[in-house]
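Here's a quick tour of one protein model. Have the sequence and the 3D view open side by side as you read.

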Amino acid sequence: MNSDEFRRVGHELIEWIASYRDRMETLPVMSPVSPGDIAQQLPAEAPIRGEGLDDIVQELDRIVMPGITHWNHPGFFAYFPSNSDLSAVLGDIACAGLGAQGMSWQTSPAATEVEDVVMEWLRQMLGLPETFSGVIQDSASSSTFCALLCARERSTAFCQNQGGMQWEEEPYVVYASDQAHSSVPKAALLAGFGKEHLRLIETDDDHAMRVDSLEAAIGNDLACGRVPCAVVAAVGTTATTALDNLQRIAEIAEGFGLWLHVDAALAGTAMVLPECRWMWKGIEAVDSLVMNPHKWMGVGFDCSAYFVKDPQHLIRVMSTNPSYLRTAQDGVVRNLRDWGIPLGRRFRALKLWFLLKDLGVEGLQARIRRDLENAQWLRQQVDATPGWERLAPVPLQTLCIRHVPEEIKGDEKALATHNQDIVTRVNESGHYYLTPAVLKGQQIIRISIGATPTERRHVEGLWTALRTEADQRVASGQWSVVSN
Ligand SMILES: Cc1ncc(COP(=O)(O)O)c(C=O)c1O
């Protein structure tokens, strides 16, 4: 493709993206296609002769669009907000256009230095101590994996330089709560701790880690000759946005010499609001933390911010220094390949920069406050409406609720079917998208507020839709209909 063709098709594509965003609300939020529907429209083999991209916008509309679930739709209340603001889209385009590798400072100095600066902005915006340094990773999963590798190496005095975990005499143990995201057990297993040495600590009625149980588990492991190594605390769990008591967990971690990692993948964005920072009181004591600008903040996937207190330790764990990667500036610059697992790095800082430059801290704060207010409004409605129950506090933007009609009160099976069916019907309407979930054995309707275009009217509309579906099922008495 030459630059003239790029200009022509590129302008058309920008126009296509802009009009997609404009008409988003008219589209069904959840893709209605069946498995295979999209794949069967593409040729089974790559084109032998180049076809050009003249029809690419029509192909996107015909083949791709039906298979898109619209995460930036105002009626998107599923999973978690994964916003991709248009400013960040432009940053991604600039990144792709430059096509630079940022593995070393020298391979594109701007890629490193813009990242240095925007991560420092982010550190300030989140109210983190000056001693923390940040780096962009692809995901919270990778960040947590890095954290547990760093924990392992600190506890074992760099076992990777000898026989690895296989040579250790005592087993090393990792602790998290039973509400921790699946990426935490995954990281512990991949880092070689083994399932038997992963303790998922029970949670209290608010779904936060029970610190007395954590202390007891550590004591028991010590008594049995095992070595407590790391604890992962959640500031905002996936299911309910529960807040582990970071201050207490930090005291315990310090007392027993554990690495403390914080998973604030979603909730970290709320810390741009000073009034939310009580939620991670004690954060200055952690060894590492992750929060995802690619969730609620509005920087399209992938952009995960990993902050560490001791960057030299991270570099020591991660660095490889083959002769072909050494440069004259190595002593005075950050080579970001040594701050994570992959060697190659995209210029992801551009999209974070574009978003922050466009929106400003105040713009972002206003949006987050709006979402928190919308969540509180909905909480009040649920609490005030007979027949509806809330199964978790609402510190942020997620609600876990269910409808409990008198007729089936106490019948967990019937309640599960009833609530699942409400979600199915609401999702089928095309106006809203929710994820059903099971919280400690109870079927819930989980509502995650915070898509960028979601305003109060959309939350009101969802609440009306939920009540209408619930009432209709009660009126028809369809308790035994199995959810589809
Ligand atoms: C608390 C928490 N941690 C980690 C993750 C995983 O994030 P990522 O997709 O960036 O790995 C999620 C995603 O939902 C999450 O909610």
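Where is the place of Asp 302? Asp 302 is in the loop between helix H9 (293-297) and strand S7 (304-308). Helices (H or I, at least four residues) and strands (E, at least two) are DSSP runs, numbered from the N terminus. The peptide bond running from Phe 301 to Asp 302 is cis, with omega near 5°.

Before going on: this is a predicted model, where local features need pLDDT of at least 70, side-chain atom pairs count only at pLDDT 80 or more, and totals for chains, interfaces and linings use all residues. Residues are numbered from 1 along each chain as its sequence is written, and side-chain values use heavy atoms, leaving out hydrogens and water.

## Two positive phi angles

Have a look at the loop between helix H5 (140-155) and strand S2 (172-177), which holds Ala 157. Ala 157 isn't a glycine, yet has a positive phi of about 50°. Phe 158 lies in the loop between H5 and S2 as well, and its phi is positive too, about 60°.

Ala 157 is exposed, with a relative accessible area of 56%, while Phe 158 is buried at 7%. Here buried means under 20% relative accessible area, exposed over 50%, and partly exposed in between (1.4 Å probe, protein chains only).

## The nonpolar core

A nonpolar core is a set of buried Ala, Val, Leu, Ile, Met, Phe, Trp, Tyr and Cys residues joined through side-chain atoms within 4.5 Å. The largest one has 60 residues, and Leu 122 and Trp 280 have the most contacts inside it. Helix H11 (residues 349-384) gives the most to this core, 8 residues.
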